[in-house]
Amino acid sequence: MEFDAKAMREKYRLEREKRLRDDANEQYIEISGEYAHFIDDPYSEPGFSREPLERDVNVVLIGGGFGGLQAGARLREAGVEDICIVEKGGDFGGTWYWNRYPGAQCDVESYIYMPLLEELNYIPTQKYARGAEILAHAQAIGRHYNLYEDALFQTQVTETRWDATINRWIVSTDRGDTLRARFIAMANGPLSKPKLPGIPGIEDFSGHSFHTSRWDYDYTGGDADGGLDRLAGKRIALIGTGATALQCVPHLGEAAGHLYVFQRTPSGVDVRNNAQTDMEWTESLKPGWQRQRMENFNALICGVPQAEDLVNDGWTDLIGKMIRVFRESRRQDLDGKAISEIMEAVNFEKMNEIRARVDELIGDPVTAESLKPYYRMFCKRPCFHDEYLQTFNRDNVTLVDTDGQGVERITESGLVVDGVEYEVDCIIYSTGYEVGTSYASRTGYEIYGEGGQSLSEKWEDGARTLHGMFVHGFPNCFIMSQTQGGFTVNYPHMLDELAAHIAHVIRHAQDHDIERIEATESAESQWVQTIIDKGMNGGALGGEDCTPSYYNNEGKPNDRIRQGMPYGDGPIAFFALLKAWREEGKFDGLELG
Ligand code: NDP
């Protein structure tokens, strides 16, 4: 090692200490009441009205993002009819419907990230497609599988309640609908409710403000490709420097009179290397190529050696390299060093590379030092961009580094950090999404199972499921999420595995006139114990001693959070477990009636 590991460890510890706060996840402001306008839909006409519906439905899918669409697609393929997707946005797309900020692009390669490419005979135009193309693809999936037919848009589910007398879910909406559903599947997405920072005085600001997930193009001008011409001469504050902020900063920097980026913790920003799709390559593709590519990527990021790295990007390089060293070290016990020491060294090296990149790209040494992340890789979501860092070389862009403390105060006319007030015309909040709050707060509706118990109550001390999908006391109900399931950074891959599973179970129920499917209490308890025993990283995606973020309950992982972690043996083992369960055909752990 060419660096002092002990000194680095101490630096990481000190940087983490600075950021720990007693209020942890309580520091944020829920968007409701006086803040509710922050989540109004800027993309659809608000005046739309229709008569309330009252009808029987075979399957209600809550959420029209990739989760709902993939479930709908696999159900259609399995011959299941009468599917109704209920979606609060004005169209399909989910996160890609809401996130239309300038520069939005996928971070996982589009050839594996965008679902059902072969089914739709579509090839993305770039290795990392732009948001508009991904949104258009979501809509194309809706058309291809005829999912528009019964979809209810601009409709928010307000409650779903199990009626044991008729074995149906009564799904109520804000448009007065009553749907009697045989099955429901919740595809709400893991990061769907934006949040605001709990900065004192936030309500006093008299200028303009919005959250990145509801971009106000009326105010900024331009579109998702940039050209934000109405920002000329304006002083703009952006709060936050996560994966979202990174993508819009270059456009804001180009257009604003002055841009102030308020940073609490810098992201690690690796090379992006986007490219147009090579048409010759697309012609060489053989049927089954997308699944093969998805599995190749997933294997590499799980440390399973492959003959070839098909995706060959920052993810496979990073994770693959680290995990390969880990596996090899286990075999050879390199120089008798502890495995954890070797992993730590690889991690230090990778982060040194990322910090060196900042020095290469940033002219001013003080700004460069502020932009360097001092924490382990995967403590926060790794980011990839080729223009973000360079934006701070512009004369009209100022990085306001809060040294881990966040914005001190917001006034009527600006933001205060370290006693200095920065007057601005507009504040853009790039401050992320609710994680770890109650189910009802994140989704906007409560789900009441057998005997009227709510899911939030049932999960008060931690999630309880079988395979992350079935819940005892909540029959005929499927959850699509990574909680107690198989998390992979290629999230739609996981959704497809869940969609196939749901389609299999519903098809079976349909073929055998099964009215009611429910996880048994003992199967649920066993699965919860399995999740705890396999204990993924002590309850934090990056590790317990990481700098605070939504990956570790803002630095305070607890038993409740630990219980909601994904399956500790990783996504490959989890997907294999589901497949074996289906093939066995015993529906183990479920009571079918
Ligand atoms: P994040 O939660 O990652 O970032 C929120 C930002 O707000 C952080 O930089 C945080 O600082 C900062 N912040 C919060 N409170 C304050 C405060 N009081 N003062 C100053 N700063 C504050 O949200 P994002 O929307 O960036 O990303 C969320 C997730 O969405 C990503 O992790 C990723 O999974 C996904 N995403 C994916 C993309 C893609 O695939 N293309 C693009 C964008 C997002 P701190 O770090 O100190 O907490």
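## A loop residue to start with

Asn553 sits in the loop between α17 and α18. Keep in mind that this is a predicted model. We'll look at backbone angles, then cysteines, then a sheet, and finally the ligand.

- Most residues other than glycine have a negative phi.
- Asn553 isn't a glycine, yet its phi is positive, at about 55 degrees.
- Is Asn553 buried or exposed? Its relative accessibility is 14%, so Asn553 counts as buried.
- Asp82 also has a positive phi, near 60 degrees, and is a residue other than glycine.
- You'll find Asp82 in the loop between α2 (66-77) and β3 (83-86).
- With a relative accessible area of 27%, Asp82 is partly exposed.

- A disulfide is a covalent bond between the sulfur atoms of two cysteines.
- How many disulfides does a search of the whole structure find? The search finds one.
- Cys379 and Cys546 are the partners, and their sulfur atoms are 2.0 Å apart.
- Cys379 and Cys546 are both buried.
- Cys84, on the other hand, is in no disulfide: the nearest cysteine sulfur belongs to Cys477 and is 16 Å away.
- Cys84 has 0% relative accessibility, so Cys84 counts as buried.
- Cys302 is partly exposed, with a relative accessible area of 24%.

- Five strands make an open sheet with parallel pairing, and reading across you get β8-β17-β9-β10-β13.
- Which strands are at the edges? They are β8 (208-211) and β13 (397-401), and each pairs on one side only.
- On average, neighbouring strands in this sheet are turned by 20 degrees against each other, with direction ignored.
- Zoom in on β9 (residues 235-239) and β10 (residues 258-263): these two pair in the parallel sense over five bridges.
- For one of the bridges, look at Ala237, whose partner in β10 is Tyr260.
- Helix α8 (residues 243-255) packs on the sheet, where α8 touches β9, β10, β13 and β17 (426-429).
- The direction of α8 makes about 160 degrees with that of β10.

**Around the ligand**

- How many residues are around the ligand? There are 26, and Gln105, Thr244, Thr265, Lys380 and Tyr550 come nearest.
- At Gln105, a polar backbone atom is 2.4 Å from a nitrogen atom of the ligand.
- At Thr241, a backbone N or O atom lies 2.9 Å from an oxygen atom of the ligand.
- At Asp107, a backbone N or O atom is 3.4 Å from an oxygen atom of the ligand.

Terms used. Residues are numbered from 1 along each chain as its sequence is written. This is a predicted model: local features need pLDDT of at least 70, side-chain atom pairs count only at pLDDT 80 or more; totals for chains, interfaces and linings use all residues. Side-chain values use heavy atoms; hydrogens and water are left out. Two strands pair if DSSP finds at least two bridges between them. Helices (H or I, at least four residues) and strands (E, at least two) are DSSP runs, numbered from the N terminus. Axes are lines fitted to C-alpha atoms, for helices over the stretch in contact, and angles run from 0 to 180 degrees between N-to-C directions. Contact means heavy atoms within 4.5 Å. A disulfide is a pair of cysteine sulfur atoms within 2.5 Å. Buried means under 20% relative accessible area, exposed over 50%, partly exposed in between (1.4 Å probe, protein chains only). A residue is near a molecule or strand if one of its heavy atoms lies within 4 Å of it. A polar contact is a pair of N or O atoms within 3.5 Å; within protein, one must be able to donate a hydrogen and the other to accept it, and residues adjacent in sequence count only if both atoms are side-chain atoms.
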